[in-house]
Amino acid sequence: MTDQAKPLGADRALGIVAEIWGGLDDGHGPPGEDRARIAWAAGRGADVYGELEPDAFLTLLRRFAPTANDVFADLGSGTGKLAALAALASPVGRAVGVELSEHRHATATEAWRRLKGPPAAHRSAERVHYKHGDVRAALPLPAPPRFPTR
């Protein structure tokens, strides 16, 4: 692992995410057309959006202690912050975010472009992948999910 690819401390990872997502849409108000597509595909009320707070997510990430052999999958990834945080703050081999909302997915991919370009240009961006679509079709998991035992 190169120096750039080593996991960052929590404060540095949170700072990068705040900087990268600053000024981008927060995902809470997708356009009506997007909202209608979500309702058609996933049912009424599926367009409701909430995020796990980044600090709480980092606590969970430490508990799971992912390795370079693991894949982090955020199903219903919204604007993509957690997949990026997983790649920045852990050695996880791959972080994937799957989002049904085209609007939220567009925000995630714009943030990813910012993460891989200057001034951030963090190698962790190579391990982050965002997919637009229904999780039932978009993400074949390579192995069964792993849950912490401690």
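## A buried aromatic pair

Phe57 and Phe72 are both buried. This is a predicted model, so please read the contacts below as features of that prediction. The aromatic count comes to 1 pair, and it is formed by Phe57 and Phe72 in an edge-to-face arrangement. Their ring centres are 5.3 Å apart, with 65° between the planes.

Where do the two rings come from? Phe57 belongs to helix α3, while Phe72 sits in strand β1 (residues 71–75). The partners are 15 residues apart in sequence, so the pair ties together those parts of the chain.

## A salt bridge across the chain

Turning to charged side chains, the model holds 4 salt bridges. One of them joins Lys81 to Glu51, with an N to O distance of 3.5 Å.

How accessible are the two partners? Lys81 has a relative accessible area of 23% and is partly exposed. Glu51 is also partly exposed, at 33% relative accessibility.

Glu99 and Arg104 form another salt bridge, and their closest N and O atoms are 3.9 Å apart. The pair qualifies because the cut-off is within 4 Å.

Helix α5 (residues 102–116) contains both Arg114 and Glu110. Their side chains meet in a salt bridge at 3.5 Å, N to O. The two residues are 4 residues apart, which is about one turn of the helix.

Which residues are linked in a network of salt bridges here? Glu110, Arg113 and Arg114 are the members. As for accessibility, Arg114 is partly exposed at 30%, and Glu110 is partly exposed with a relative accessible area of 27%.

Notes. Residues numbered from 1 in each chain as written. Predicted model: local features only at pLDDT ≥ 70, side-chain atom pairs only at ≥ 80, totals over all residues. Heavy atoms only, no water. Buried < 20%, exposed > 50% of the residue type's maximum accessible area, 1.4 Å probe, protein only. Phe/Tyr/Trp six-rings, centres within 6.5 Å; stacked < 30°, edge-to-face > 60°.
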